[in-house]
Amino acid sequence: MLEFFRKYRLRVLLVLLCVAALLFYSALLRYRGASRPVEVKVIAITAPLLAMVDGSVETLADLWGHYLWLIDTAKENEDLLKRTRELAAELAQSDEIRLENARLRRLLDFKDSLDRSVLAAEVISEDAGSWFRTVLIDKGSEDGLREGLPVVVAEGVVGRIIRCSAAYSRVLLVTDASSAMAVLVQRHRTRGVVRGVGDRLRLEFALRQEEILEEDLVLTSGTGGIFPKGLVVGRVTSVQRDEYGMFQQVELSPAVDFSRLEEVLVLLEQE
Amino acid sequence: MLRLTVYFTLGFIFLVLQATLLPKVLPGEFRPDLLLFLVIYLALDEGEFSGALLAWVFGFLLDIFAGSTPGLYAATLLTIFVAVRVAAAHLNTESSLLILFLVACGTLFEGGMVILLSFLADIDDISMPVLQRLPLQLLLNLFSSLLLLRLIALLQSHGGPLAQIPGLRRLDSHYES
């Protein structure tokens with residue numbers, strides 16, 4: 001017996017341990033509804049440690065989670081910014097189209113009021129020097145233009161074509177010093193010649209006895225051979241009558257804002 | 001030939017800038033006369049014939065894009081080139097201040113030439129607008145020339161092919177020997 005035990009002592013011991021465990025289990029089954037002191041002690045000792053580890057793990061998990069979230073947020077933020085920029089660009093473009101539409105509608109209304117055929121053109125560049133007032137438009141002789149044709153917008157007279165290539169033309173603005181046109185004052189039909197003086201206009205040869213007042217509207221008289229009658233040139237801003245001389249000195253502000261000139265109409269020759 | 005091509009390209013770029021971009025960004029229909037600066041630069045740095053030819057070509061191009069009297073700028077810029085060329089022989093051309101001084105003189109001279117040549121073309125009303133705008137134009141030309149001089153110096157300091165950009169340093173070497 002002893003010989004058997006010595007020979008298989010390890011296995012016997014293992015079996016005994018299993019039996020002991022089963023017995024212990026069986027014994028504990030009777031108290032399963034209540035806390036056992038050992039358990040309480042073990043819990044009391046290990047729980048803070050578990051809480052600490054759990055806290056650390058929570059913090060790490062939280063950090064990791066937030067980091068990932070931040071990456072997502074940053075990406076989302078970038079996407080939103082990109083979208084905002086796209087929308088802002090679309091909005092600006094839409095505004096630009098709306099404004100262009102309004103300008104073209106005004107031009108179209110004005111075109112309908114004219115008894116001559118017209119050609120719409122776009123201003124593509126201004127005078128390269130500071131001393132003169134010309135602009136380049138994107139229509140030329142291929143489109144039926146030639147030197148001398150008048151150029152207008154809904155607000156009034158712009159100028160006349162002075163150079164004409166196949167696809168482009170140069171327009172001399174009425175504010176240029178070399179520009180002159182026959183005009184009349186709308187209120188009492190006083191005639192004169194308007195010349196450009198830089199940013200303003202000057203009415204010349206207006207007889208001294210004619211009573212020209214500020215804010216009087218000045219129109220083309222149609223006698224110069226270039227501009228048809230009745231186009232708005234500008235408004236009188238100042239009148240000066242010297243004690244002597246035949247004429248009075250009258251200054252006008254042009255009806256057209258030349259710094260915002262974009263689309264123009266060229267009045268074609270009457271058929 | 002390459003130098004002339006570079007000058008021509010630069011002049012054309014200046015011209016396009018003067019006709020398109022600068023009028024949009026600068027108020028009051030003012031634009032710096034970059035071609036004037038280039039012509040003065042040519043007068044100090046280029047040979048007589050090639051420089052004069054370029055100055056005339058620049059003026060001719062400017063006449064296409066500006067004004068109503070063909071040949072006005074061509075004559076004006078060529079005259080400025082010749083005047084600077086003659087004056088440069090009696091001046092210390094090593095100084096960048098000289099270029100600014102010449103730009104100031106060139107602006108006034110150009111204004112005078114525009115009035116005179118326009119008067120010959122029966123445009124006698126131009127004198128007042130030109131005289132009124134001349135002081136601001138002068139300041140604008142000086143400021144733009146200063147910026148261009150700084151830009152040239154900056155490009156030269158980068159070394160390599162950029163160091164070969166003709167300019168004050170090259171002018172200096174003429175007078176050092």
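**Where the two chains meet, and the spaces around them**

Sort the lining of the largest pocket by class and you get 10 nonpolar, five polar and 12 charged residues. Here Ala, Val, Leu, Ile, Met, Phe, Trp, Tyr, Cys and Pro count as nonpolar, Asp, Glu, Lys and Arg as charged, and the others, Gly among them, as polar. Keep in mind that this is a predicted model, where local features need pLDDT of at least 70, side-chain atom pairs count only at pLDDT 80 or more, and totals for chains, interfaces and linings use all residues. Residues are numbered from 1 along each chain as its sequence is written, chains are lettered from A and ligands numbered from 1 in the order in which they are written, and side-chain values use heavy atoms, with hydrogens and water left out.

Back to that pocket. On a 1 Å grid over the protein atoms alone, a pocket is an open set of points with protein on both sides within 12 Å along at least five of seven lines, while a cavity is a set where a 1.4 Å probe fits but cannot get out; lining residues have an atom within 4 Å of a point. The largest pocket holds about 520 Å³ of space, a volume being the space filled by probe spheres set on the points, which are joined across faces, edges and corners. Of its 27 lining residues, Glu126(A), Phe258(A), Ser259(A), Arg260(A) and Leu261(A) lie nearest the centre. Strand E1 of chain A gives the most to this lining, with five residues, and helix H1 (2-25) of chain B also supplies at least two. Helices (H or I, at least four residues) and strands (E, at least two) are DSSP runs, numbered from the N terminus.

Now for the interface. In chain A, 28 residues are in contact (heavy atoms within 4.5 Å) with 33 residues of chain B. The two chains bury about 2400 Å² between them, 52% of it from carbon and sulfur atoms; buried area is the accessible area (1.4 Å probe) that two parts lose on being put together, summed over both. Ala128(A), Trp131(A) and Phe132(A) supply 34% of the area that chain A buries against chain B, more than any other three residues.

What about charge pairs? Two salt bridges cross the interface of chain A and chain B, each a side-chain nitrogen of Lys or Arg within 4 Å of a carboxyl oxygen of Asp or Glu. Arg31(B) forms a salt bridge with Glu126(A), the closest N and O atoms being 3.9 Å apart. Over all chains, the structure holds 15 salt bridges. Another example joins Asp95(A) and Arg98(A), at 3.6 Å from N to O; both lie in helix H3 (residues 37-113) of chain A, three residues apart, about one turn of the helix.

The largest has a volume of about 60 Å³, and its lining draws on both chains, including Trp131(A), Phe132(A), Ile126(B) and Pro129(B). The second largest cavity, at about 50 Å³, is lined by residues including Glu126(A), Phe132(A), Phe258(A) and Arg31(B).
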